[in-house]
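Q: I have a structure open and would like to talk it through before I set anything up. Could you go over it with me?

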Amino acid sequence: MIEESAYEALMTITQRPPVVMVYGSGSWLTDHAGKRYLDFIQGWAVNCLGHSPRVVAEALSNQAGRLISPSPAFYNDQALRLANQLVAHSCFNRVFFANSGAEANEGAIKLARKWGSVHRGGAYQIVTMVNGFHGRTLATMSASGKPQWQELFEPKVPGFVKVPLNDLDAVAAAMGPETAAVMLEPIQGEAGVVPATAEFLQGLRALTREKGVLLILDEVQTGMGRTGSLFAYQQARVEPDIMTLGKGIGAGVPLAALLAKEEVCCFEPGDQGGTYNGNPLMAAAGCAVIEEILRPGFLEHTREMGESLRYGLEQLSLKYGLGEVRGAGLLLALVLSDAKGDAIVEKAREQGLIINAARPDTLRFMPALNVTLDEIAICLGILDQVLGEVFGR
Ligand SMILES: *Cc1c(COP(=O)(O)O)cnc(C)c1O
């Protein structure tokens with residue numbers, strides 16, 4: 001038993017329900033009282049293989065007994081293995097490993113600024129999107145377009161110009177001689193699963209080429225199979241100059257990556273680094289993850305489960321007169337008719353289903369990529385019951 005007073009040793013940074021999670025396996029989480037939950041958040045789209053996947057647990061324990069951290073001053077075999085896998089299966093040539101999505105995005109911002117100073121006469125501005133989310137460091141908060149953050153931690157890092165998503169004219173109007181890059185998420189996750197259209201991404205690619213600036217995609221949430229292809233940019237048929245990965249790449253452990261095309265890689269020794277960056281323990285986990293995702297049939301399964309969940313959510317939307325179902329693969333959102341998201345999340349948790357309200361009127365679903373049809377059916381069943389209670393039909 002854990003006393004509630006024990007919670008007070010942690011700084012308050014969010015409201016948490018009074019449950020303590022102690023065990024996880026696949027799509028299921030168990031709390032300290034032994035209650036089981038079907039988890040359709042999965043550590044915030046992080047556990048792409050579910051909780052404590054055997055391949056990752058084994059990779060970690062094998063590597064922990066071999067070598068944990070030789071320091072970033074030396075090459076290590078796991079970082080090399082993972083970097084080569086990423087390069088082989090993407091349009092990029094080089095990788096820098098980081099420990100979180102925010103840190104990978106900091107790296108992307110620094111790389112774009114360095115590139116601007118070397119190749120574009122000191123250009124440093126980055127055009128980013130309203131409602132975009134890039135992390136919680138000072139620079140990535142400054143790059144983010146979350147309205148609630150506007151007044152926080154002033155003064156912000158300067159150099160970010162915000163425009164509405166899917167508005168190519170606004171991007172063109174925001175560009176000038178100081179512009180070094182445009183940065184966005186292929187699907188805005190935290191904003192409530194709002195996709196950039198393929199047309200917009202293709203237009204951005206043409207525009208950034210024409211103006212001679214970089215295109216940066218933040219695939220921290222959409223990458224590593226989440227949207228049904230290894231990376232979301234592949235579905236839009238655009239090749240960015242820089243991409244960041246996080247979340248799914250470590251399947252639950254702190255691992256992230258910054259990838260770039262050869263011609264953009266202008267960091268010089270001393271510009272970028274970090275004590276834990278590219279350590280073989282996390283890289284070994286990343287290797288296990290990418291090998292699993294690349295197995296024949298894995299992404300096909302993810303796409304099929306995505307279709308099944310989408311169909312079920314659309315049926316519930318019809319039944320209760322709710323809004324659209326948005327997203328791709330297994331990053332989906334159901335728009336409600338009222339701002340009852342928090343009440344639904346709480347009732348669902350009481351019934352043993354973990355989901356998220358990305359906005360007060362939007363439910364978000366990001367189960368494990370290897371979730372099963374049975375688990376989707378359980379999720380939809382609980383949701384049906386909860387929506388019935390909340391919307392009284
Ligand atoms: C989660 C997220 C981040 C931040 O990643 P952390 O690992 O929490 O720092 C950045 N960008 C996007 C799109 C995200 O979803």
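A: What follows goes from the overall fold to single residues, and the model is a predicted one.

Q: Okay, how many helices and strands does the chain have?
A: The chain has twelve helices and 17 strands. Its radius of gyration is 21 Å, close to the 21 Å that the globule rule gives for 393 residues, so the chain is as compact as a globular protein of that length.

Q: And what does the C-alpha trace span along its principal axes?
A: The C-alpha trace spans about 60 × 55 × 45 Å along those axes.

Q: What part of the contacts comes from residues 24 or more positions apart?
A: If you take the contacts with a separation of 6 or more, residues 24 or more positions apart account for 70% of them.

Q: Let's go to helix 4, how far does that reach from end to end?
A: Helix 4 covers residues 101-119, which is 19 residues, and from its first C-alpha to its last it reaches 26 Å, close to the 27 Å expected at 1.5 Å a residue.

Q: Which of its residues are buried?
A: The buried residues in helix 4 include Gly101, Ala104, Ala108, Leu111 and Trp115, and Lys114 is also among them. Just as background, an α-helix has 3.6 residues a turn, so residues three or four places apart point the same way.

Q: What follows helix 4?
A: Helix 4 is followed by Gly121, whose phi is positive, near 60°.

Q: Switching to electrostatics, how many salt bridges are there?
A: The structure holds 14 salt bridges. One of them pairs the side chains of Arg205 and Asp241 at 3.0 Å, N to O. Arg205 lies in helix 7 (residues 198-211) and Asp241 in the loop between helix 8 (233-236) and strand 11 (242-245), so this pair ties together parts that are 36 residues apart in sequence.

Q: Are those two buried or exposed?
A: Arg205 is buried, with a relative accessible area of 6%, and Asp241 is buried as well, with a relative accessible area of 10%.

Q: What about Lys261, which side chain does it meet?
A: The side chain of Lys261 meets that of Glu239 in a salt bridge of 2.5 Å, N to O. Lys261 lies in the loop between strand 12 (256-260) and helix 9 (280-293), and Glu239 in the loop between helix 8 and strand 11, so this pair ties together parts that are 22 residues apart in sequence. Lys261 counts as buried at 12% relative accessibility, whereas Glu239 is partly exposed, with a relative accessible area of 38%.

Q: What forms the nonpolar patch on the surface?
A: The patch is formed by Leu138, Leu152 and Phe153, which together have about 270 Å² of accessible area. Leu138 lies in helix 5 (residues 138-143) and is partly exposed, with a relative accessible area of 41%.

Q: Last one, where does Gly381 lie?
A: Gly381 lies in helix 12 (residues 373-391) and counts as partly exposed at 37% relative accessibility. The C-alpha atoms of Gly381 and Leu316 are separated by 9.8 Å, although the two residues are 65 residues apart along the chain.

Definitions and conventions. Residues are numbered from 1 along each chain as its sequence is written. This is a predicted model: local features need pLDDT of at least 70, side-chain atom pairs count only at pLDDT 80 or more; totals for chains, interfaces and linings use all residues. Side-chain values use heavy atoms; hydrogens and water are left out. Patches are made of residues with over 30% relative accessible area and no salt bridge: like charges are joined within 9 Å, nonpolar side chains (Val, Leu, Ile, Met, Phe, Trp, Tyr) within 5 Å. Accessible areas come from the Shrake-Rupley method with a 1.4 Å probe; for residues, only the protein chains shown count as cover. A salt bridge is a side-chain nitrogen of Lys or Arg within 4 Å of a carboxyl oxygen of Asp or Glu. Helices (H or I, at least four residues) and strands (E, at least two) are DSSP runs, numbered from the N terminus. Buried means under 20% relative accessible area, exposed over 50%, partly exposed in between (1.4 Å probe, protein chains only). The radius of gyration is taken over C-alpha atoms; the globule rule is 2.2 Å times the number of residues to the power 0.38. Contact means heavy atoms within 4.5 Å. The expected span of a helix is 1.5 Å times one less than its number of residues.
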